[in-house]
Amino acid sequence: MKVSREREGNGEMLYTKQLKIFTGNANPQLAGEIADYLGIELGDVRVSYFSDGEICVTINESVRGADVFVVQPTCPPANKNVMELLIMIDALKRASARRICAVLPYYGYARQDRKLKAREPITAKLLANLITVAGATRVLTMDLHAGQIQGFFDIPLDHLLGVPILGEYFQNIGIVDPIVVSPDVGGVTRARDMASRLEAAIAIIDKRRPQPNVSEVLHVVGDVKGKTAILVDDIIDTAGTITKAAEALLERGARDVYACCTHPVISGPARERLQASPLKEVVVTNTIPVPPEKRFPKLKVLTVAPLFGESIIRIHQDLSVSKLFE
């Protein structure tokens, strides 16, 4: 996705030195790319551990009166990264930062966003409460697992979309006769957005999930025969859904199948499943770091740093973030 910076008449950037970016250990590479886009250095913070495993955070520079953005996706190891985020926010609040924005490229604990059975938690709301109580005054995130999670926060939240970045990639490689496929009913809105960008039709996989991380394809709604299918989802975790959907599409006559997602969790057997699958390519973003042991030849990683960088500039300047998607 292409973004542009607004400049004053003399060519200088509009934001001031009171904009600061800090990061923990969740995704320092992405934080560094965002800082490079903004033309500033990452904030000086030390995250260490006591001998019993407790996290110790020390902010080594003044943040008094500053707009501070903490880049920390709550990706695996989720518990450690969540605690680093909360402790950094608390440290910044006590150091008199003017505003603290929690930048969560990936919002973990989001898959339990409602009670499906008795005595289940709603972890998406619990995490929202923790971030707010810690002292964040705003949240910037991307592709929440469910849109209603925005309402779980009592502070402003800006919700970025990964589809423009993924869609631009498929436009540039020139897919022939594409059809965008949602791997479940819940992702239809995302698939429709992608389809409108590619001027393509959509299809839907009808599946059931007998237990967590297990899915079964029942039907394919839509004609995929002779077309290049693009499966689009928000998360690839164990890759069971995506690989079974790819097989089902090829059985129904699809020419080729691509898969894309915003958040490459890629846990358990996912790497082996994706590499052995009939998928031609798996396109993801770097909201979650993909270490070498999770990479495979079919994987393509796109950066979200320019989009987050531009959003941070706009939040700092009190400009509209939604204008980026118009």
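**The hairpin**

Q: How do strand 2 and strand 3 run, and how many bridges join them?
A: Strand 2 (residues 45-49) and strand 3 (residues 55-59) run antiparallel and are joined by five bridges. Strands pair if DSSP finds at least two bridges between them. Helices (H or I, at least four residues) and strands (E, at least two) are DSSP runs, numbered from the N terminus. This is a predicted model: local features need pLDDT of at least 70, side-chain atom pairs count only at pLDDT 80 or more, and totals for chains, interfaces and linings use all residues. Residues are numbered from 1 along each chain as its sequence is written, and side-chain values use heavy atoms, with hydrogens and water left out.

Q: Which residue stands opposite Val-47?
A: Val-57 in strand 3 does.

Q: And what is in the turn of that hairpin?
A: Five residues lie between the two strands, and Gly-53 in the turn has a positive phi of about 100°.

Q: Changing topic: which residues of helix 3 are buried?
A: Thr-123, Ala-124, Leu-127, Ala-128, Ile-131 and Ala-134 are buried in helix 3, where buried means under 20% relative accessible area, exposed over 50% and partly exposed in between (1.4 Å probe, protein chains only). They cover an arc of only 145° around the axis, which puts them on the same side of helix 3; the arc is that of the directions from the helix axis to the C-beta atoms. An α-helix has 3.6 residues a turn, so residues three or four places apart point the same way.

Q: What covers them?
A: The cover includes helix 2 (78-94), strand 5 (99-104) and strand 6 (138-142).

Q: What does Ile-131 touch?
A: Leaving aside neighbours within four places in sequence, Ile-131 is in contact (heavy atoms within 4.5 Å) with several residues, including Leu-85, Ile-89, Tyr-107 and Phe-153. Its relative accessible area is 0%.

Q: How many aromatic pairs does the structure hold?
A: Three. Rings of Phe, Tyr and Trp (its six-membered ring) pair if their centres lie within 6.5 Å; planes under 30 degrees apart count as stacked, over 60 as edge-to-face and the rest as tilted. Tyr-169 and Phe-170 have ring centres 5.6 Å apart and planes at 75°, so that pair is edge-to-face.

Q: Where do Phe-170 and Tyr-258 lie?
A: Phe-170 lies in helix 4 (residues 163-173) and Tyr-258 in strand 12 (residues 256-264), so the pair ties together parts that are 88 residues apart in sequence. Both residues are buried.
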